[in-house]
Amino acid sequence: MQGLMQHGALTLDKIIDHAAKWNGGREVVSRSVEGPIVRTTYGEIRDRAKRVSNALLAMGIKPGDRVGTLAWNTGRHMEVWYGIMGIGAVCHTLNPRLFPEQIAWIADHAGDRAIFTDLTFLPIIAGILPRLPHVEHVIVLTDRAHMPADFAPAGEAPHFKGLLAYEDLVEQNSAECAWGGFDEGTAAGLCYTSGTTGDPKGVLYSHRSNFLHTLITMQPDVMGLSQKDVILPVVPMFHANAWGVAFSAPGAGAKMVMPGAKMDGASIFELLDTEGVTFSAAVPTVWQMLLQHLEASGAKLPVLKKVVIGGAACPESIIRAFQEKYDVEVVHAWGMTETSPVGTLSVMTDELSKLPYDQQMPYRLKQGRPPLGVEICLKDDEGQRLPHDGQAFGNLKIRGPIIAAEYFRGAGGKILDDEGFFDTGDVATIDDHGFMQITDRAKDVVKSGGEWISTIEIENIAVGHPKVALAAVVGAAHPKWDERPVLLIKLKDGETASKAEFIDYLQGKIAKWWMPDDVLFVDDIPLGATGKIDKKLIRKRLAEQGYTLPEAPVQGTPPEAPPEASKAQTLAAADGSHGAVIYAPEPVEAPEDVQQVMAPEPEPQIQPEPEPVATEVVHAPEPVVEVEKPVEDTSQADALIAAAAAVAAATPVIAPPEPEPPKPAPRPEPVAETPLRLHEPAAPKPTLIVDPSAEDDLPFAMPITPRKGGKKAKARSKAESAEPAKTKSGKPPLWASLYVDLAVLAALAPAILVAGGALGVKLGFLDLPLGYTAMTLDWAPKAAFVSVATSLLALVIALVGGFSKLGKGALLALALTAASFAAMFGAKALSGQSPPIHDVATDWKTPLAFSDVALAARGGSAQIVDDDPSLPVGSAAYAGRSIADVNAETCPAARPLVSPRTPGDAYEAVKAAVMAAGLTLVTDDPADGRLEATGSSFWYGLTDDLVVRVRPDAQGSRVDMRSIGRDAGPDQGRNCARIGDLITAVRGA
Ligand code: AMP
């Protein structure tokens, strides 16, 4: 018998309708991508979302069509979500922190027909558009004034109909649009998992699953949201739907505060403070940054009541800092893209909340209990249920109406077991209070002697060490125990430590047999696109570097040992040996019985002290093991070259340069005698003006065909006419000679295109997109591939039609083609060494801003000057990493210059160096210690802006610089070289 209640499909349009009707004036405040804080309301959001729906319908978007978004958390992004979902289309959130190749793959797999993007991501869009045959429209989330003047896809994109300004669409379309009316099982959203194993897989949420998830998360023991709350979702809308907050906040009628592109501690604090935020949600790294900011600034959080922390295990230090210093309750949560995402939360039960705080801590550290609507259990590898005794480790399984039943397009096949449970891939325990604790990802757990060691637990303890910035544990192969744990430590800036110190620290906190066999100090710990430690990459890098466990595990400090924490010991392992093992104990016999025997101390491998440099600031110790290394640079030019390589299947494909350890970008020799220059010089001269003498190497004067006439030629032709001829007249057929000449011309085409592009831009009859982006970066490589075929055919014709007459021409064509490829390889290798950035600074903590005058000079279409050091860099090697981080790794020259000079003297020295470098001064303010300058490269006029700040310092003065390109795409190392050269010049002055 059916119940007799109304059905009312649970579709998501009802959420924003409800918010607009009953809390229509409640604000949604965003830090806009353009800069200013923007305020709107739920009423306006609904109105504008309907206009978006009409715009989509006018573009021909139908129910079920996928529409991508590549955007930060802003009110506009919310309008787009509701606009897409309201008409039954599918909102596909793309994660900009993935590699461009992955984004292209995902958008193509999803079949996205249109993409809404923030200005920030236009370079990514330009790069991937040629690979997205279904994408017809790209809508930029901005107004007409901020639209780029010179956007061009990096290759053929026949379906693409051009960029549209979002505000134009909103203005031009009506706010009358019928939403809903479809089944609640209709697909609403699509989000791909990060794909650490195999291809990314799409999780296709339905209106019903998201609606139920909203109701679930609003429960008091979940997020407990109220109309009175002011909610700041730091977790991005592109990462598992911002944990549903873009539905639950309007569902509750709470005020929303959207952080836009800025997620650094200072920016988040500013919003928390000025907007009176009561509730927020983010991954631990964001909170770590906020806490550091609070610590440094002494600021407090009087209004914030609760933060949800999930996505990765939350360390005790964060929970305690929030609770004990700022009186903010932490709810530790676990979930996955596949679980919509909220799965469990560590909210104290009535019984546990009566315990003293310290006794609650073990439970607060766990990932907690499932809310109504979610079922979890543990199973072993045979599918047998395991007890909930807090001891048994098992595969965590989950079931319910907000959990994925299968992946989009059936990827991965059947994903539910016979009882309908989804295997999370996490290994966990569940205790008798029902608190689940993740002990590892199934693929990360260290299997030692048949037992499992939780890497997460060791990491959580290690990050509590005051010197540690980040910690990771991975398993390394062991001849006896299969695997043993290795602890990787990234120290905080300026810290030094010994391996033994960490073993000591872990003693007594973990089982003896869990004790890492080795401790490695690393320059960085790579994070994946969703901000989690990328252990797959760590294992890969260690394998590439031939890492093996030390013969005997690292031991702690024996009581009588002298304090040996020193930089030298840390450095001692820089050669990749196990030299930093200070005490060599007996080889371990069994994990349960790690021996503490002290062996004779080996010769310490102390590296010579570096030359003292009076003006240089001392920085953190050298990294011992490099985990993150630049791999393929996916800058636009390289992507083009790689794409062209793939097209020319018959020719050898250009291999990406082998990853190399980070090192200062070498100053390449000018590519003399090179017939093709694909880029501006990869590491240019110190000036903004490219050395004209280097450009003289451009092949303007290269002969097109072998010279005719002249005595020598006549003599040669006599001799040649004595050779057997292929035609009756003794000459090759005319068509054959013509073809060979044409082949030579074709082989010259790349050089002609590059030279023509450079000259055209220089003389002003070609614009940059044509002369540089198209002719130099796009057409020239394609022409080189065409010339492979034409010159090979010329060779065949020469062999058949008379080699003595035609052979030279054919060989010349082949040689020119080979030279073009050599130049392409060279340019690619050189640009591969420059990071995919255009912004280099010596101080990212207080980034140098440009004055209004300098910003106006940059123009509206220039790349945005973002003072957010956490801006992710979208590229294969650097995805998800901050510019500050990438700068530190790839441009070691970008260091502040501290010198004994007075600030006035230092200013004058900088000014002289800037002038000598041929830059044009824009601001010259010695009183304020502020100088701005600008300059363009010689051929293409690629423009960069420089800002310099000179401040008094305890030692005398400190000079900071920031140099930033205006044009789209990476700067091929120009800005790094400029800063390095200016610093050298000032120091030597
Ligand atoms: P994603 O689908 O990218 O959100 O990743 C989901 C995975 O993140 C889970 O399967 C866990 O491995 C991990 N994860 C999420 N939350 C936590 C947490 N609180 N503690 C430990 N791991 C977590």
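This is a predicted model: local features need pLDDT of at least 70, side-chain atom pairs count only at pLDDT 80 or more; totals for chains, interfaces and linings use all residues.
Which side chain has an N or O atom 3.2 Å from an oxygen atom of the ligand? The side chain is that of His239.

**The ligand and its surroundings**

- There are 14 residues around the ligand, and the ones that come nearest are Ala333, Thr337, Asp426, Arg441 and Lys532.
- Arg441 also places a polar side-chain atom 2.6 Å from an oxygen atom of the ligand.
- In the case of Ala312, a backbone N or O atom is found 3.4 Å from a nitrogen atom of the ligand.
- On its own the ligand has 500 Å² of accessible area, and the protein covers 92% of that area.
- Strand 14, formed by residues 329–335, supplies four residues to the shell around the ligand, which is the largest share.
- Sorted by class, the shell consists of six polar, five nonpolar and three charged residues.

**Helix 3**

- Helix 3 runs over residues 75–86 and therefore has twelve residues.
- From its first C-alpha to its last, helix 3 reaches 16 Å, close to the 16 Å expected at 1.5 Å a residue.
- The helix is mostly covered, with twelve of its twelve residues buried.
- The buried residues include Arg76, His77 and Glu79, and also Val80, Trp81, Tyr82 and Ile84.
- Gly75, Gly83 and Gly86 are likewise among the buried residues of this helix.
- In an α-helix there are 3.6 residues a turn, so residues three or four places apart point the same way.
- After helix 3 comes Gly88, which has a positive phi, near 80°.

**Strand 30 and its partners**

- Strand 30 covers residues 956–965 and is mostly covered, since ten of its ten residues are buried.
- Strand 29, residues 943–953, runs antiparallel to strand 30 and is joined to it by ten bridges.
- Strand 25, residues 839–841, pairs with strand 30 in the antiparallel sense over three bridges.
- Val840 has Ser963 of strand 30 as its bridge partner.
- Strand 26, residues 897–899, also pairs with strand 30 over three bridges in the antiparallel sense.
- Opposite Ser957 of strand 30 stands Ser899.

Terms used: Residues are numbered from 1 along each chain as its sequence is written. Side-chain values use heavy atoms; hydrogens and water are left out. Helices (H or I, at least four residues) and strands (E, at least two) are DSSP runs, numbered from the N terminus. The expected span of a helix is 1.5 Å times one less than its number of residues. Buried means under 20% relative accessible area, exposed over 50%, partly exposed in between (1.4 Å probe, protein chains only). A residue is near a molecule or strand if one of its heavy atoms lies within 4 Å of it. A polar contact is a pair of N or O atoms within 3.5 Å; within protein, one must be able to donate a hydrogen and the other to accept it, and residues adjacent in sequence count only if both atoms are side-chain atoms. Accessible areas come from the Shrake-Rupley method with a 1.4 Å probe; for residues, only the protein chains shown count as cover. Ala, Val, Leu, Ile, Met, Phe, Trp, Tyr, Cys and Pro count as nonpolar, Asp, Glu, Lys and Arg as charged, and the others, Gly among them, as polar. Two strands pair if DSSP finds at least two bridges between them.
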